[in-house]
Amino acid sequence: SLALTILCSAEAALLAGASRVKITPSYSVYLAGLGNNRKSEGVHDDIYASALYLSDGKTGIVIVSLDIIGLFYDDVEDARDNKKNIIIACTHQHSGPDTLGLWGPNETTSGVSPEYLAFLKGKVKEAIDKAIKFAKPATLKVGEAKESKVAYNAREDDLLDPTITCLFVESPDGKPIATLVNYACHPEVLWNDNRLITSDYVHYLRELCERKMGGITIFLNGALGGMITPRVKEHSFSEAKIVGEAIGEKVIEAKRKAEKIENPKITHRYARFKLPVENPRFILASQMGVLKRVRENGGVNTEMHFLDIGGKLQILTNPGEALPKVGFALKELLKAKYKMIVGLACDEIGYILPKEDFGTQLYSYESSMSLGPKTADILLQFGRKLVSGTLTE
């Protein structure tokens with residue numbers, strides 16, 4: 001793997017590179033989400049690892065988006081060779097390989113294919129290396145638009161973040177390199193009757209943006225928990241196309257009114273910390289080998305990242321599926337005009353609920369798929385320190 005510092009020089013000019021590597025399995029796998037014993041029977045559209053590398057000459061960062069349900073922290077560490085300036089986030093789509101273990105032939109057997117997981121990690125490294133290798137002088141623009149028609153909150157209808165925030169990466173002569181898109185909505189238009197590998201609506205979002213704007217479109221999900229889902233008439237590919245293209249048109253709208261980041265200095269901070277595991281279901285699944293991740297002293301290691309790009313865009317990651325209330329609280333910590341909250345980044349810890357909603361009847365499912373009631377407060381604590389720069393080891 002190429003060292004991230006390879007292109008960091010004393011020059012002030014921004015360098016950027018983007019890549020996309022196919023991560024579609026060539027054999028049948030257990031599909032993640034929507035029930036056990038659902039095996040793939042073909043491919044509707046390929047799934048990918050998409051990477052963006054940015055360097056201001058001093059700080060280099062790679063952001064990777066994977067078309068999978070999620071990756072545990074230990075696997076993320078393997079895939080990036082323990083480099084902390086690589087953020088690996090998952091789109092959380094529900095028609096790709098089980099990379100966590102919960103959707104095998106039954107509830108007591110992992111659905112993860114060790115062969116596929118090893119293949120995936122190799123492809124992530126390939127995508128990272130290619131993004132760095134392709135780096136060249138670039139300029140940045142940032143913009144946003146609102147989309148509230150194609151998504152809704154299945155628990156509390158109007159409680160969601162409709163903002164689509166986009167970072168547009170171009171060569172100095174205006175040729176598109178990449179578009180980073182941040183929006184909160186589960187890619188689950190396709191349902192449990194689907195047996196085809198697909199990235200769901202993200203496929204159509206990327207297809208439209210790349211056809212109309214060029215470059216590589218990279219999707220990062222937001223605070224999609226509890227339960228931000230597509231508003232569709234049926235669970236079909238035609239509906240996935242409608243959702244993806246509606247978001248894509250808003251991305252194009254955001255580009256029309258995007259602002260240039262005049263001095264794209266990159267500030268990057270991260271925090272590694274432990275979260276308590278209080279969910280007996282997760283503890284049992286771990287003991288049975290269904291969930292394979294390291295658990296020490298009643299907790300799991302995870303991390304968060306903060307990025308500031310030119311004072312115009314700030315990005316804060318979280319390691320799971322934050323509910324909108326938590327997403328809004330994280331967003332309030334950010335001070336820039338444009339903000340991204342990136343979910344399922346460097347981990348998948350499950351749902352992240354406000355303490356007041358934990359264990360309620362409305363959020364009984366989310367509570368059963370969460371580490372525990374303390375998670376949100378701990379993430380907000382570390383998020384606050386990351387943004388303010390007051391974090392101490």
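User: What is the relative accessible area of Phe119?
Analyst: Phe119 counts as partly exposed, the class between buried (under 20% relative accessible area) and exposed (over 50%), with a 1.4 Å probe and protein chains only. The model is predicted: local features need pLDDT of at least 70 and side-chain atom pairs pLDDT 80 or more, whereas totals for chains, interfaces and linings use all residues. Residues are numbered from 1 along each chain as its sequence is written, and side-chain values use heavy atoms, leaving out hydrogens and water. For Phe119, the relative accessible area is 31%.

User: Is Tyr116 buried or exposed?
Analyst: Tyr116 and Phe119 both belong to helix H2, residues 114-133; helices (H or I, at least four residues) and strands (E, at least two) are DSSP runs numbered from the N terminus. The two residues are three apart, about one turn of the helix. With a relative accessible area of 2%, Tyr116 is buried.

User: Which geometry class describes the rings of Tyr116 and Phe119?
Analyst: A search of the whole structure gives four aromatic pairs. The rings of Tyr116 and Phe119 have centres 5.7 Å apart and planes at 45°. Rings of Phe, Tyr and Trp (its six-membered ring) pair if their centres lie within 6.5 Å; planes under 30 degrees apart are stacked, over 60 edge-to-face and the rest tilted. The angle between the planes therefore makes this pair tilted.

User: Over which ring does the charged end of Lys385 sit?
Analyst: A charge sits over a ring if NZ of Lys or CZ of Arg is within 6 Å of the ring centre and within 35 degrees of the ring normal. Lys39 lies over the face of Tyr30, 4.9 Å from the ring centre. For Lys385, at 5.9 Å from the centre, the ring is that of Phe382.

User: What is the radius of gyration of the protein chain?
Analyst: The protein chain has eight helices and 20 strands. For 393 residues the globule rule gives 21 Å, being 2.2 Å times the number of residues to the power 0.38, with the radius taken over C-alpha atoms.
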